[in-house]
Amino acid sequence: MKRDIMKEVRYGLRNSRFLILFVSILFLAISAPVMNKVFLPMLMKNQLPGITAETLAQMLDMTQLGSMRGYMGDVFEIGTIIIAFTLCGLLAQEIRDDTLVLPLCSGKRFPAIVGSKLLVFGFFLVLTSVIATLINYLYAGVLFSFDVGVGPVLRSGLLLGFHLLFLLSALVFWGAVIRKPIAAGLLTCATVYGTHIAGSLLKIDSYLPSGLFREAQYFSVVPASSILQTLAITIGFVFLLYGLTLLRLQGLEWNER
Amino acid sequence: MIRVTNLHKKFNTYHALKGINMTVKKGEIYGFIGRNGAGKSTTMNILAGLSRPTEGQCIVNGKDVSKLRHPSELAIGYLPEDPKFYAWMTARETLDYLGNSGDNPMTKEAINDILDWVSLNKDADRRVGGYSRGMRQRLGIATALIKDPELLILDEPSSALDPEGRSDVLRLITELKQMGKTILFSTHILSDVERVCDTVGIIVDGRLTMQRPLAKVKREMIVPVYDIVLEEPPNPWLLEALRKHPKISHLSSKETVLSVTTSEPEHFSLELMTFFASHRMEVSSFSRRKPDLEDIFLKEVNGK
Ligand SMILES: Nc1ncnc2c1ncn2[C@@H]1O[C@H](COP(=O)(O)OP(=O)(O)OP(=O)(O)O)[C@@H](O)[C@H]1O
Ligand SMILES: [Mg+2]
């Protein structure tokens, strides 16, 4: 297991996966407040000449909280796509390229192989999301004013991170099922957006991973009472997808064209 | 060490293996030959526990391959036809990664020794993505050796290697045999088979058409061939008469050139000459040659 973890860390470092993901999420964290402070007002003023500062403020949520919610939305909409396509080869490419053949012959087991991928990239995504959310909080606070405490921000960063962990496990699962990186990326986006839509339409968000994201967006001082349950369900989903991935891999044949 | 009975493999509609029966005995070197697409790699991949037989039984190292839970249970060394590595790892890291799973972890010294064996020490800290085909092949051979297995299944171990590398591989194979290991390897280089193998198996179109000790092949099948060049093309009835000749076991003809083999070499050339003389055929050349494994192979593959 130790060497499987080392392998994934090397993969992340040497193929710039960590860098791409960290920079993209950080970019979203910084661009959201800037958009809110500079670009959107400028755009509105150009489009609607003669608009007053008050109407503008009414139309745009020009606060720290507003920018932070904007950032969360960006991570959900754009970040999902970036993560899905940056990491879509994580398992699918390995199956396609037959790079698992020699590890299998030398005694590597699927639980360790897949587990290390989830551990390394899951940990990285949680960490990145906490850091990026904090930076977003600080930057938006500097541009506007600080109106949220740091506690809810940390909590939101964590919840967002666990939502990304769910995304990651879906990515690995689809990779094992269809063995094509791009298709796995697309299906993962569909899964993440799908659960979100289903969750809000049927009002079952708190039973789905998308509930984490919604809660993360509130930055409320006191979290919803159902949040622990949503977290537990999400982790359940992650384990379920992990198990299904293993089951699928166990049934595959290797080194065939 | 390996016993294969009635092995079939179908890929969707394509029937790649059509009932292979083969036996590899402990301590022997088995040369597995056959033309492109005959089914060598398919067979070896099944023997390595990576893909499953459609029908039939394969016992490898005492284990039934269709009952495996994990390929590594076979405890063999396997070199795939085209070994795939992580391009972003160095050779040393690759061996460290592959060598340290399961019970016997590999020491740094052991990795160095293996790298020396396959002459990769100089390049051991370069990324495998920058390796040439032959260097990857060497690394593949190294990975097959890391667990010091009793049985090795090597799919074209000498392909893509330079002459030195090829003779290194053959030397390695004979050394391994001296250590008591069993080796099954496929190749297209028949002189390699002649140099090191104890047994040859020829696979044609998904069937094992021949499996014999090399010594026996040499004794029984490597019989002289007479090449006769006639002045003008022979008549069909003349060819027919030759075919019916009691001493002629095989005849092939191409325009004015005839190739004849016999099962009774005694006075055979004399009788052949008499035959042509009595039919008033002018002979412009008459020569005798010893065939090699290649002729046997071609004969086998072309269906006699
Ligand atoms: N996954 C697959 N799907 C369909 N057909 C396959 C598959 N794998 C192998 N085949 C077919 O099975 C036959 C045997 O292939 P195999 O690779 O075993 O040949 P080989 O004897 O190793 O040839 P070579 O000398 O070129 O390595 C070929 O006709 C090949 O096209
Ligand atoms: Mg082959």
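**Notes on the magnesium site and the A–B interface**

1. Let's start with the metal. Ser41(B), through OG, and Glu81(B), through OE, coordinate the magnesium ion (ligand 2) at 1.9 to 2.6 Å. Ser41(B) belongs to helix H1 (residues 40-47) of chain B, while Glu81(B) sits in the loop between strand E6 (77-79) and helix H2 (91-99) of that chain, so the pair ties together parts that are 40 residues apart in sequence. Please keep in mind that this is a predicted model.

2. Glu81(B), at 32% relative accessibility, counts as partly exposed.

3. Now to the interface. Chain A brings 29 residues into contact with 28 residues of chain B. About 2,800 Å² is buried between the two chains, with 53% of it on carbon and sulfur atoms. On the chain A side, the most area is lost by Arg3(A), Arg14(A) and Leu102(A), which together account for 24% of what that side buries.

4. The polar side of the interface is worth a look too. Four salt bridges are found between chain A and chain B, and one links the side chains of Arg3(A) and Asp96(B), at 2.8 Å from N to O. The rule also finds 19 residue pairs in polar contact across this interface.

5. Which helices of chain A supply at least two residues each to the side that touches chain B? They are H1 (2-14), H5 (89-97), H6 (101-105) and H11 (227-251). H1(A) gives the largest share, seven residues. By class, this side of chain A has twelve charged, ten nonpolar and seven polar residues.

Terms used: Residues are numbered from 1 along each chain as its sequence is written. Chains are lettered from A and ligands numbered from 1 in the order in which they are written. This is a predicted model: local features need pLDDT of at least 70, side-chain atom pairs count only at pLDDT 80 or more; totals for chains, interfaces and linings use all residues. Side-chain values use heavy atoms; hydrogens and water are left out. Donors are N, O and S atoms within 2.8 Å of the metal (3.2 Å for Na, K and Ca); water is not among the atoms, so sites may look incomplete. Helices (H or I, at least four residues) and strands (E, at least two) are DSSP runs, numbered from the N terminus. Buried means under 20% relative accessible area, exposed over 50%, partly exposed in between (1.4 Å probe, protein chains only). Contact means heavy atoms within 4.5 Å. Buried area is the accessible area (1.4 Å probe) that two parts lose on being put together, summed over both. A polar contact is a pair of N or O atoms within 3.5 Å; within protein, one must be able to donate a hydrogen and the other to accept it, and residues adjacent in sequence count only if both atoms are side-chain atoms. Ala, Val, Leu, Ile, Met, Phe, Trp, Tyr, Cys and Pro count as nonpolar, Asp, Glu, Lys and Arg as charged, and the others, Gly among them, as polar.
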